Amino acid sequence: MKRVLIAACTIFVLLAGLAHEVSAARIKDVATFKGVRSNQLVGYGLVVGLNGTGDQRGSDFTIQSMVNMLDKMGVRVDQAQLRPKNVAAVMVTANMPVSSAPGSRMDVTVSSIGDSKSLFGGLLLVTPLRGLDGNIYAVAQGPLTIGGFLAEGAAAQAQKNVTTVGIIPGGATVERGIPFNFNEMESITLNMSIQDFSTTMQTVEAINRSLGGQFATARDIATIEVDIPPRFQGNLVPLMASIENIEIRPDSRARVVVDEKTGTVVLGQNVRLGQVAVAHGNLQIVIAETAQVSQPAPFAAGETVVVPETEIGIVEQNKRLLLMEGATLRELVDGLNAIGATPRDLISILRTLRSAGALMADLEVI
């Protein structure tokens with residue numbers, strides 16, 4: 001048996017590039033508009049027409065659902081005689097855009113909640129979809145698209161992708177619109193995805209410059225309130241289109257993110273190093289176990305035995321101190337490369353630099 005104790009090099013990623021300038025971003029890419037969002041709908045239904053891959057006999061709720069459905073159709077059945085292997089109980093979910101009008105269609109996702117093996121070839125029966133307020137906003141029905149398959153025999157099976165979740169493109173029809181009059185809003189609220197005062201104020205100033213007045217104000221670190229200019233009253237679409245395409249340069253705290261599981265290290269654009277001397281050496285220990293057979297001479301009284309043999313090899317690198325000072329990300333990367341640091345080494349070095357107070361950035365380990 002062989003054991004190798006050595007840090008493995010995997011992936012080293014430098015996010016934010018080596019450019020000195022921060023890339024511009026549109027407001028629509030770093031913020032969302034209050035009220036302009038999707039609403040989650042959910043419903044319970046039955047998928048029929050499965051080729052023996054439906055819920056097993058132990059799924060009582062599937063049988064009860066079949067009895068209730070057939071009873072509403074005027075068909076009385078003996079619950080004990082039902083075999084649900086061609087039927088599966090499912091949850092149906094959908095995201096309903098705020099602007100959806102009655103009669104429009106949207107996609108739905110169908111997920112098995114019982115012990116069905118596959119929904120391949122199934123058909124979703126009429127399923128009402130409700131919002132958080134309990135009202136029915138849409139009705140879903142149609143054949144499922146799985147994108148995979150499951151084939152099995154007595155001793156083996158083959159499967160591609162997950163076969164217990166499927167979608168129905170355009171499978172739901174909106175029956176009730178969401179009461180939201182977009183053009184009657186008296187102000188617009190932007191929720192910034194970047195929690196940074198500098199970025200928020202930069203966005204406020206950019207909006208005010210674009211609108212030609214003090215219409216935007218920052219409520220807190222990530223919320224901006226925009227009053228509707230008189231020329232856009234009752235006609236907000238052109239205003240939203242102009243605001244969302246304004247370009248800003250997002251700022252954020254310097255940060256180093258380390259994923260120890262994969263060896264990924266991400267250095268932000270503003271990471272800096274104070275002047276510090278660094279020496280780093282790897283310690284490699286290799287343990288090899290082999291079995292040797294000891295056999296007695298012919299006609300001797302001894303017996304054959306197995307004798308373990310262990311070999312241990314130790315290699316320790318002896319590197320000199322290197323003076324490092326990173327005024328820019330490029331200088332920091334050059335300094336780390338100069339000492340031959342691998343991604344795994346970088347994790348240890350960055351932690352040590354942080355403890356020494358030489359790393360001018362937040363260090364986050366995920």
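## Close-up views of a predicted model

View 1. About 270 Å³ of space lies in the second largest pocket, where a pocket is an open set of points, on a 1 Å grid over the protein atoms alone, with protein on both sides within 12 Å along at least five of seven lines. The volume is the space filled by probe spheres set on the points, which are joined across faces, edges and corners. This is a predicted model, in which local features need pLDDT of at least 70 and side-chain atom pairs count only at pLDDT 80 or more, while totals for chains, interfaces and linings use all residues. Residues are numbered from 1 along each chain as its sequence is written, and side-chain values use heavy atoms, with hydrogens and water left out. The residues that line the second largest pocket, each with an atom within 4 Å of a point, include Tyr 44, Leu 46, Met 69, Lys 72, Leu 125 and Pro 128. At least two lining residues come from each of strand 4 (38-48), helix 2 (60-72) and strand 7 (123-130); helices (H or I, at least four residues) and strands (E, at least two) are DSSP runs, numbered from the N terminus. By class, the lining has six nonpolar, four polar and one charged residues, with Ala, Val, Leu, Ile, Met, Phe, Trp, Tyr, Cys and Pro taken as nonpolar, Asp, Glu, Lys and Arg as charged, and the others, Gly among them, as polar.

**View 2. Leu 125, one of the residues that line this pocket.** Leu 125 has its place in strand 7 and is partly exposed, with a relative accessible area of 22%, given that buried means under 20%, exposed over 50% and partly exposed in between (1.4 Å probe, protein chains only). Although Leu 125 and Leu 46 are 79 residues apart in sequence, their C-alpha atoms are 5.9 Å apart in space. Beyond its neighbours within four places in sequence, Leu 125 is in contact (heavy atoms within 4.5 Å) with Leu 46, Val 48, Met 69, Ala 140 and Gln 141.

**View 3. Thr 223 in strand 14.** Strand 14 spans residues 223-227, and Thr 223 counts as buried because its relative accessible area is 11%. With neighbours within four places in sequence set aside, Thr 223 is in contact with Thr 189, Leu 190, Asn 191, Thr 217 and Ala 218.

**View 4. Val 237 in helix 4.** Helix 4 covers residues 236-244, and Val 237 counts as exposed because its relative accessibility is 52%.

**View 5. Ala 356 in a loop.** Ala 356 is found between helix 6 (343-355) and strand 23 (359-360), and it is exposed, with a relative accessible area of 58%. The C-alpha atoms of Ala 356 and Val 276 are separated by 8.8 Å, whereas along the chain these residues are 80 apart.

**View 6. Arg 176 and the ring of Tyr 137.** The charged end of Arg 176 sits over the ring of Tyr 137, 5.7 Å from its centre, a description that applies if NZ of Lys or CZ of Arg is within 6 Å of the ring centre and within 35 degrees of the ring normal.

Definitions and conventions
1 Å grid on protein atoms, 1.4 Å probe; cavity = no way out; pocket = protein on both sides within 12 Å on 5 of 7 lines; lining within 4 Å.
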